[in-house]
Structure formats: C-alpha cells, structure tokens
Amino acid sequence: MYDMPRKHLVASQTNKKQQSQAKLWQKLAREIKAAVKVGGPNIEGNPRLKAAVDKALQNNLSRDSIDRNINGSNKDANEMATKEFECYGPNGLQIVVGALTDNVNRTISNLNGYLSKLHGQIAKSNSVKIFFDNVGYIVVYKTNGLNADNILEMTMNYNIMDVVEQEDAIEIKTTPFDFYKVKDILTQNNCKIFDSEIKLLPQNPIDVLDGDSKYRLEKFIDSCDQDDDIQWVVTNYEGD
C-alpha cells in the first residue's frame with residue numbers, strides 16, 4: 001500500500017505486508033464494504049469492488065472473509081466517506097493520502113499531527129495530485145526465464161506505458177483502461193503475478209533525501225499505516 005520501489009522488489013513488498021498483516025486486512029475489509037455501498041455487491045459490475053477484492057486476495061484475505069464483508073456491508077451502520085489529502089513535505093517531497101473515515105475532522109486532525117513531525121502540511125486540492133499519474137501497475141515474478149521482451153510481446157496489442165526489469169521481478173505499467181486486459185493476458189501465459197492494482201505513480205520521482213527527512217518520512221508512513229482511517233499513502237520518493 002506504500003510506494004517505495006526497491007531493486008529486490010518482491011522481498012521488500014513482502015516484508016511490508018508481513019509487518020502489519022492484521023491492520024492491512026482491516027483496511028481491505030473496510031474498502032470492500034465501502035465499495036459495496038457505493039456500487040453494489042456485483043463484483044464484475046462494480047469496478048471499485050473488483051479492485052478491492054483483487055487487492056484483498058493478493059494480500060491473503062480469505063475468500064470467506066471477503067464474502068462476509070460483501071454480504072454484510074449493509075449491516076454496518078457507519079457511513080464512511082472517501083477522502084484524498086494532498087500534502088507537501090520537506091525537500092520537494094509530494095504526498096497523496098487516501099482515507100476512508102466516518103469522522104473527517106478526526107482524520108484531518110490526526111494527519112496534521114503526523115505531518116507536523118514530518119515538517120509537512122496539507123496542500124490545496126489539485127496542487128500535488130497533478131504531479132501523479134493514475135496507472136495500472138502489475139508486478140510479475142521472473143520465473144522460467146521470463147524477461148521484459150517476453151512481456152512486451154505478450155502485451156503488444158495493449159497500451160503498455162513502461163516495462164522495467166528488477167532482479168527478482170518485472171514491473172509493468174499500463175493505462176487504467178487496459179489494466180485488467182493485460183492482467184488476463186499475463187495469467188493466460190502462466191505469468192505468476194505478485195502484485196497488481198490501479199494506483200497513483202509520481203511523474204518526477206526523487207531518489208535523495210537527507211538523513212533526517214528520510215527518517216521523518218519513515219515515521220510518517222508508519223503512523224499512517226497504524227491509523228484506522230488512512231487506507232494508503234503515495235509519495236514521489238523512490239530512494240532506498
């Protein structure tokens with residue numbers, strides 16, 4: 001849920017998932033409920049729910065739990081609001097925070113507290129998000145000699161924005177429109193998908209932060225990760 005690509009992409013993302021699995025499952029369950037309330041329980045007819053279920057399955061939330069959250073969502077009395085907050089941090093750091101909350105004032109108060117320790121602040125709407133692109137993002141394991149050329153050949157009929165080979169995986173970026181089509185083609189060709197979602201990616205990533213700013217960013221992300229209202233965080237920092 002937090003974007004900080006690594007050379008060893010699979011290993012780093014696996015560590016993040018394992019560090020707070022229970023908290024992640026809780027957030028995924030809330031997103032499923034919210035998606036059902038907005039667009040109904042038909043997975044194929046509700047793109048937001050389809051994305052939420054895909055993400056839940058990738059993070060090992062059981063099918064039984066997914067079904068319970070879909071079928072029981074109307075019994076949840078809380079009215080959740082989906083919010084996005086655009087923020088600035090030190091040294092050119094750009095941040096977008098996604099929240100799902102039943103108390104917007106509480107969420108803003110908490111976020112301001114996290115940002116103050118980062119030496120950052122909430123920005124005006126559309127002042128930060130314009131520097132991010134909405135992209136279909138897929139990561140496949142490098143197995144059986146799979147390489148970037150193979151991926152490009154498989155997906156030549158679709159809008160592929162970029163293919164990047166890492167040591168243990170291949171990152172594929174598509175347009176949101178072709179995301180599920182590309183994912184289906186990869187599955188049909190026996191590619192093992194590690195991660196896939198439609199998400200924001202920075203247009204101009206930065207890869208250098210001074211030691212203090214990097215430490216504060218890590219603490220900020222940890223605080224957001226532990227906050228029940230905050231679903232995800234993306235930044236333009238892509239350093240190690």
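My entries follow, grouped by topic.

**Ground rules**

I am working on a predicted model, where local features need pLDDT of at least 70, side-chain atom pairs count only at pLDDT 80 or more, and totals for chains, interfaces and linings use all residues. Residues are numbered from 1 along each chain as its sequence is written, and side-chain values use heavy atoms, with hydrogens and water left out.

**Entry: the cavity**

I started with the empty space inside. Rolling a probe the size of a water molecule over the atoms shows where such space is left. My working rule: on a 1 Å grid over the protein atoms alone, a cavity is a set of points where a 1.4 Å probe fits but cannot get out, and lining residues have an atom within 4 Å of a point. Grid points are joined across faces, edges and corners, and the volume is the space filled by probe spheres set on the points.

How many cavities of 30 Å³ or more does this rule give? I get 1. The largest cavity has a volume of about 50 Å³. I noted its lining as Ala51, Asp54, Lys55, Phe179, Tyr180, Ser196, Glu197 and Ile198. Helix 3 (47-58), helix 7 (179-188) and strand 7 (193-202) each give at least two residues to that lining. For these elements I use DSSP runs numbered from the N terminus, with helices as H or I of at least four residues and strands as E of at least two.

**Entry: salt bridges**

I call it a salt bridge when a side-chain nitrogen of Lys or Arg is within 4 Å of a carboxyl oxygen of Asp or Glu. The count comes to 12.

Asp54, one of the cavity-lining residues, pairs with Lys183, with 3.4 Å between the closest N and O atoms. Asp54 is in helix 3 and Lys183 in helix 7, so this pair ties together parts 129 residues apart in sequence. Buried or exposed, I wondered, is Asp54? It counts as buried at 17% relative accessibility, and Lys183 counts as buried at 13%. My cut-offs are under 20% relative accessible area for buried, over 50% for exposed, and partly exposed in between (1.4 Å probe, protein chains only).

Next I looked at Arg216 and Asp212, whose side chains meet at 2.9 Å, N to O. They are 4 residues apart in helix 8 (residues 211-226), so about one helical turn separates them. Arg216 is partly exposed at 24%, and Asp212 is partly exposed at 42%. Elsewhere, salt bridges that share partners join Arg30, Asp102, Arg106 and Asp229 into one network. Within it, Arg106 and Asp102 are 2.8 Å apart, N to O. Arg106 is partly exposed at 36%, as is Asp102 at 37%.

**Entry: a surface patch**

Which residues make up the nonpolar patch on the surface? I wrote down Tyr88, Ile130 and Phe131, with about 250 Å² of accessible area together. Patch members need over 30% relative accessible area and no salt bridge, with nonpolar side chains (Val, Leu, Ile, Met, Phe, Trp, Tyr) joined within 5 Å and like charges within 9 Å. The areas come from the Shrake-Rupley method with a 1.4 Å probe, and for residues only the protein chains shown count as cover. Tyr88 belongs to strand 1 (residues 81-88) and is partly exposed at 32%.

His119 has a phi of about 70°, and it sits in the loop between helix 5 (104-118) and strand 3 (121-122). Asn190 has a phi of about 65°, in the loop between helix 7 and strand 7. Asn190 counts as exposed at 69%.

**Entry: C-alpha distances**

Two pairs to finish. Leu57, in helix 3, is 29 residues from Leu28 in sequence and 9.7 Å away, C-alpha to C-alpha. Leu57 is partly exposed at 34%. Ser65 lies in helix 4 (residues 63-71) and is buried at 13%. Its C-alpha is 8.1 Å from that of Ala29, which is 36 residues away along the chain.

How values were computed
On a 1 Å grid over the protein atoms alone, a cavity is a set of points where a 1.4 Å probe fits but cannot get out, and a pocket is an open set with protein on both sides within 12 Å along at least five of seven lines; lining residues have an atom within 4 Å of a point.
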